[in-house]
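Trainee: Could we go through this model together? I would like to begin with the charged side chains.

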Amino acid sequence: MLIYLLRHGRTDGSGTYTGISDVELNPEGREEVRLVAKLVNSLDLQHCFCSPLHRCRETAALLNMTCETSYDEYLREIDFGRWEGLSFTQISQSDQSLLDQWLEQGEHFTFPGGERCADFNKR
């Protein structure tokens, strides 16, 4: 069995921590998906599993696959809490001590107001 992983197209949130924020693809992202669609549709895919977030649903729709698609909450992105929508630079200016904790604690770190990394990894 082969498993293929495909990331959604570009969004206006690119360059920021856009986890659970339900953003849509931007025009460049839609074009990226259109360019890869022919390749994806040349594969013998039996099923597609997809995050229910808008950017992922839109990607799946633009791929226009013939296989069945299931949307699963377990595939959604991590919740970055109050860091949602911020760039690394913005976060480092306001929360450098928490960034340091993230590096030290790894999967035991919980994003401020968000999800614990270990819980995300378990999902």
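Trainee: Which residues are linked in a network of salt bridges?

Mentor: In this predicted model, the network consists of Glu73, Arg76, Glu115 and Arg123.

Trainee: And how many salt bridges does the count come to?

Mentor: The count comes to ten. One of them joins Arg10 to Glu28, with 3.3 Å between the closest N and O atoms.

Trainee: Why does that pair tie together parts that are apart in sequence?

Mentor: Arg10 sits in the segment before H1 whereas Glu28 belongs to helix H1, so the bridge connects parts that are 18 residues apart in sequence. Arg10 is partly exposed, with a relative accessible area of 36%. Glu28 is also partly exposed, at 46%.

Trainee: Where do Glu31 and Arg34 lie?

Mentor: Both are in helix H1, three residues apart, which is about one turn of the helix. An α-helix has 3.6 residues a turn, so residues three or four places apart point the same way. Glu31 and Arg34 form a salt bridge, and their closest N and O atoms are 3.9 Å apart. Glu31 is partly exposed at 39% relative accessibility, and Arg34 is partly exposed at 46%.

Trainee: What does Arg116 pair with?

Mentor: Arg116 forms a salt bridge with Asp119, where the closest N and O atoms are 3.8 Å apart. Arg116 counts as partly exposed at 31%, and Asp119 as partly exposed at 39%.

Trainee: Let us change topic to the overall fold. How many helices and strands are there in the chain?

Mentor: The protein chain has four helices and two strands. Read from the N terminus, the order of elements is α-β-α-β-α-α. The C-alpha trace spans about 50 × 30 × 20 Å along its principal axes.

Trainee: What percentage of the residues count as buried?

Mentor: Of the 123 residues in the protein chain, 37% are buried. The accessible surface is about 8100 Å², and 52% of that belongs to carbon and sulfur atoms. As for contacts between residues at least 6 apart in sequence, 56% join residues at least 24 apart.

Trainee: Which residues make up the largest nonpolar core?

Mentor: That core has eleven residues: Leu25, Val33, Ala37, Val40, Cys48, Cys50, Cys56, Ala60, Leu63, Met65 and Cys67. At least two of its residues come from each of helix H1 (27-42), strand S1 (47-50) and helix H2 (54-63). A second, separate core has ten residues, including Trp83, Leu99, Phe109 and Cys117.

Trainee: What is Ala60 in contact with, apart from its neighbours within four places in sequence?

Mentor: With those neighbours set aside, Ala60 contacts Cys50, Met65 and Tyr71.

Trainee: Staying with H2, which of its residues are buried?

Mentor: Arg55, Cys56, Glu58, Thr59, Ala60 and Leu63 are the buried residues of H2. Their cover includes H1, S1 and strand S2 (68-71). Just after H2 comes Asn64, which takes a positive phi of about 55°.

Trainee: Are Cys48 and Cys67 buried or exposed?

Mentor: Cys48 is buried, with 15% relative accessibility. Cys67 is buried as well, at 14%.

Trainee: A last topic: which residues form a nonpolar patch on the surface?

Mentor: Met1, Ile3 and Leu5 form such a patch, and together they have about 510 Å² of accessible area. Ile3 is located in the segment before H1.

Trainee: Why does Ile3 count as exposed?

Mentor: Ile3 counts as exposed because its relative accessibility is 68%, and the cut-off for exposed is over 50%. In soluble globular proteins, by contrast, nonpolar side chains tend to be buried together.

Definitions and conventions
Residues numbered from 1 in each chain as written. Predicted model: local features only at pLDDT ≥ 70, side-chain atom pairs only at ≥ 80, totals over all residues. Heavy atoms only, no water. Core = buried A, V, L, I, M, F, W, Y, C linked by side-chain atoms within 4.5 Å. Buried < 20%, exposed > 50% of the residue type's maximum accessible area, 1.4 Å probe, protein only. Contact = heavy atoms within 4.5 Å. Patch = residues over 30% accessible without salt bridge, like charges linked within 9 Å, V, L, I, M, F, W, Y side chains within 5 Å. Areas by Shrake-Rupley, 256 points an atom, 1.4 Å probe, with all protein chains shown as cover. Salt bridge = Lys/Arg side-chain N within 4 Å of Asp/Glu carboxyl O.
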